[in-house]
Amino acid sequence: MPALHHYRRRKFVNALMQVVTCVCALLVVVPLCLVFYHVLKLGLGSVNWAFFTQLPKPVGEAGGGMANAIVGTFELLGLAALIGVPVGVLGGIYLSEYGSARLNWAIRFAADVLNGVPSIIWGMVVWALVVVPLKTFSALAGGIVLGMMMIPLIMRTTEEVLRLVPNGYREAALALGIPQWRTIVQIVVRTALKGIATGVLLAVARVSGETAPLLFTAFGNRYWNHHLSEPIAALPLQIFNYAISAYEDWIRQAWAGALVLLLFVAIINVSVRVLTRDKLARGG
Amino acid sequence: MNAVAEKLPLARARRFARGALADRLFKGLAWLMAVSVFVLILLIGYELAHGSNLALRKFGWHFLISSDWDPVNEQFGALPFIFGTLVSSLVALLIAVPLSIATAVFLTEIAPNWVRQILTTFIELLAAVPSVILGLWGIFVMVPWLRENLFPWLRQWLGFLPLFRGPIYGVSLLAGGIIIAVMILPIITSVSREILRSVPGLQREAAYALGATRWEVTRIAVLSYAKKGLFGAMILGLGRALGETMAVLMVIGNRPQIVASLFAPGATLATAVANEFTEATTDIYLNALFEIGLVLLGVTVLVNGLAQLLLKAVAGPANAQQ
Amino acid sequence: MKMKDLIIAAVSGLMIWQAPCEAQMLINGAGATFPYPLYSKWFDEYAKIDPSVRFNYQSIGSGGGQEQILSQTVDFGASDGPMSDENLAKAPGKLLHIPTVAGAVVVTYNLTGAPSLKLDGALLAEIFLGKVTRWNDAKIAALNPGIKLPRTDVIVVHRADGSGTSYIFTDFLSDVSKEWKKGVGRNTSVKWPTGLGAKGNEGVAGQVKQLPGAIGYVELAYAHQNKLPVAEIKNASGNFIRPSLESVTEALASAKVPEDFRFSMVNPPGAKAYPIAGATWLLVYQEQKNPAKGKKLVEFLNWAFSKGEAMAAALDYAPLPAELQARIAEEIKSIKY
């Protein structure tokens, strides 16, 4: 009977597509597993005490470490947060608590567009704005470019999180005579603080791996950075410089650096997931 | 507010007024921070336009159609970079879009809860991997493997196409496309997932009621309903692909040229800037690089803008994007 | 509240941490990857002699060195391609070319067994022009009888960034091949007819090491440190010369150095001279804007020419002959700070 034949074919196609989509899902996961595997395998052996505490050695000599690059990355992230967090959080507050529908739509659109600007273009712009007038590559320039990249990210996540705070809280506070700004700062933001913090952490993790914008702002430094106006080493920059070379020792260190960076980023992302899952479970 | 203050005792009135001032200050501050995004966009646009002034005036439209990139003779045509960008992004989309949408379907329609949790964690982790680490892995693991295994196989079986002819270096436009695909998989997957999730349950139920199998429900009720949104996800992925720099730089071969073979090395707009920015010795050279940046900015803003519009139109304002 | 406290703590931490390190000066330089192995050794040793100053050198290529010193974003530049007259005219002050050492640009390749190949200028030009595409080509075999050459493709690797090493190499090719001179020319950045681009000497060495069948040009130290084979190149006298300290010194001996110290030494006449060699320069402004930095820079330069030159040989760079060093010492004296 034709109907039965068709049905069998439909069942087959159904089963086939379930398998196909499952396979595709696994394929998507495969590159990640491979990357983690190789970074672990090739980097683990080289992540030793020397790696964390020593400065790079002269070209061609084995040994040395990436201490200045690791500290440099943290310094840059700190600077970036100084810029990105206040602007992003306050901007997110505006989007969620104030503003008109049209203005807010435009701001959100602009923020999303900014999120899509390639990081190398940020680098060019900050080069023209900071490096050229100051006539030097600097940690300041590096921090500014990373901070600017964080602004739209933090703004959007802050807005989303603040939106989740029930309106009842705001209304209760206003009813008690608390001024609006204090309502926002001490009640709404405080309630959403964990969400805002996770948004900030995610933005930090996202810019910690950026290399392109640092190429012409932070520039790199073989030594410790002592001043905001000096060039500074950064982990992704150092990894890049070592990775494209032929020195086996440098390549070994590049893998080690990659492992440190990858773990840093992975740990932040996983902990954020765990934290937000808690939040959802508790109901906000 | 003033009328009320008049009726209250002076102290309380003063507190009100102070509160009002503080309110205005705070709102003003927040407003300032929020509109900084406009300032940033304008700043980026201005700096790029200003920085490419000379080149814009000297080359005009010729910049986009000439393939002569010659710093020595001060002739700059960006066509090879535009070609490289388009080809690598296209290859990346061709690989990533089917995989991502299939994965999104798997995650929303088929996978049990525990599988979904694990897979989503993995995919978000992949999104978090920095470009330079993928590039490192690309140089030492992916490219040698491609050179020894996939590329010769492709040349053997599909060598009748001009796409798969010619010498195999490993580093190539195809390698660039593949690594970009790996990088845009997570974003297309997660946005597609959101889109599919937002398809009303009623659609699915109606299809089931008519006796459709699970796949048919997905195909008829979900996918075709979500077509516009999925297209938006795809464009978003394209936007991301256009701007990728580091990993591409490390595996694409850095040779500005326009060729038919995917095995040949190439260069993209982003890699051109990364490679040559710090050493543009003449003003016109630097301007030409800024103009490349301007082209790249223009293209990514257009593509991302289009994607955002599509996604917002489909999912509504409540569905916030990345 | 907690976030605010964290931020305040972090900023105070940063401020406090800045203070005790103020005493150390950082002098920034950028440029050639060609002499990078030697310079990094010099800066490392000098830091032990004068701990109050650190020299941060980023090897971004000669093109980068020239650009950064012209825009004054670094304190000194380094380049193995001499700066052109027009670029010198653009500089905001008089820019001095201070030659430091000479080095060899070697041709390195990736073939199984790492055989020692003999090549000549005309053949090199044809390879880099994309005319000779297989390793077992008759022309290569003619110069290397007895070596079994595979049928694989020749994969040319060149510099993707502006490079003094490229300058020296294309200088040589322009000298030996009219076709090259007309079609491509000599510069730090040229339109390469064929091949892959890599960043820096490090990048070219890396690509050649990774790609079977690749051929590229790097500074001698990079080939040695990465255990890559080098080719013997036919010089003007007709002998096939292996790049080494001795053959570069020979080449240097016959070089004529003008007043402004910009000179070329490719394809020299000496019988034992290596034909593809060049000097590398530090680019320093005669009028130093920052007196403290200028003083330290001059002290370093004087050290480089008294003690530093002695370290060059160990890394296969040829130190400059005594008369030339004497002239350079005079030039260094002219630097005002």
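The exercises below work through a predicted model, in which local features need pLDDT of at least 70 and side-chain atom pairs count only at pLDDT 80 or more, while totals for chains, interfaces and linings use all residues. Residues are numbered from 1 along each chain as its sequence is written, and chains are lettered from A, with ligands numbered from 1, in the order in which they are written.

**Exercise 1. Describe the secondary structure and the overall spread of chain A.**

Step 1. Helices (H or I, at least four residues) and strands (E, at least two) are DSSP runs numbered from the N terminus, and on this basis chain A has 11 helices and 0 strands.

Step 2. The radius of gyration of chain A, taken over C-alpha atoms, is 24 Å, well over the 19 Å that the globule rule gives for 284 residues, so chain A is more spread out than a compact globule. That rule is 2.2 Å times the number of residues to the power 0.38.

Step 3. Along the principal axes, the C-alpha atoms of chain A fill a box of roughly 75 × 70 × 35 Å.

Step 4. A residue is buried if 20 or more other C-beta atoms lie within 10 Å of its own, exposed if 12 or fewer, and partly exposed in between, with C-beta atoms placed from the backbone; of the 284 residues of chain A, 55% count as buried.

**Exercise 2. Characterise the contact between chain A and chain B.**

Step 1. The contact takes 71 residues from chain A and 74 residues from chain B.

Step 2. On the side of chain A that touches chain B, the largest share, 20 residues, comes from helix H1 (residues 2-44) of chain A.

Step 3. That side of chain A divides into 54 nonpolar, 11 polar and 6 charged residues, where Ala, Val, Leu, Ile, Met, Phe, Trp, Tyr, Cys and Pro count as nonpolar, Asp, Glu, Lys and Arg as charged, and the others, Gly among them, as polar.

**Exercise 3. Trace the strand pairing around E3 and in the sheet E5-E9-E10 of chain C.**

Step 1. Two strands pair if DSSP finds at least two bridges between them; strand E1 (residues 25-31) of chain C and E3(C) pair in the parallel sense over 3 bridges, and Gly31(C) stands opposite Ala78(C) in E3(C).

Step 2. E3(C) is also joined by 3 bridges to strand E11 (residues 277-285) of chain C, running antiparallel, and in E11(C) the bridge partner of Gly77(C) is Leu283(C).

Step 3. Both faces of strand E3 (residues 76-79) of chain C are covered, with Phe76(C) and Ala78(C) buried on one side and Gly77(C) and Ser79(C) buried on the other.

Step 4. Elsewhere in the exercise, 3 strands of chain C form an open sheet of mixed pairing in the order E5-E9-E10. Strand E5 (118-119) and strand E10 (240-241) of chain C stand at the edges, each with a single partner strand, so one side of each is left without a neighbour in the sheet.

Step 5. Strand E9 (residues 232-234) of chain C pairs with E10(C) in the antiparallel sense over 2 bridges, and Lys234(C) stands opposite Phe240(C) in E10(C).

Methods: Two residues are in contact if their C-beta atoms, placed from the backbone, lie within 7 Å.
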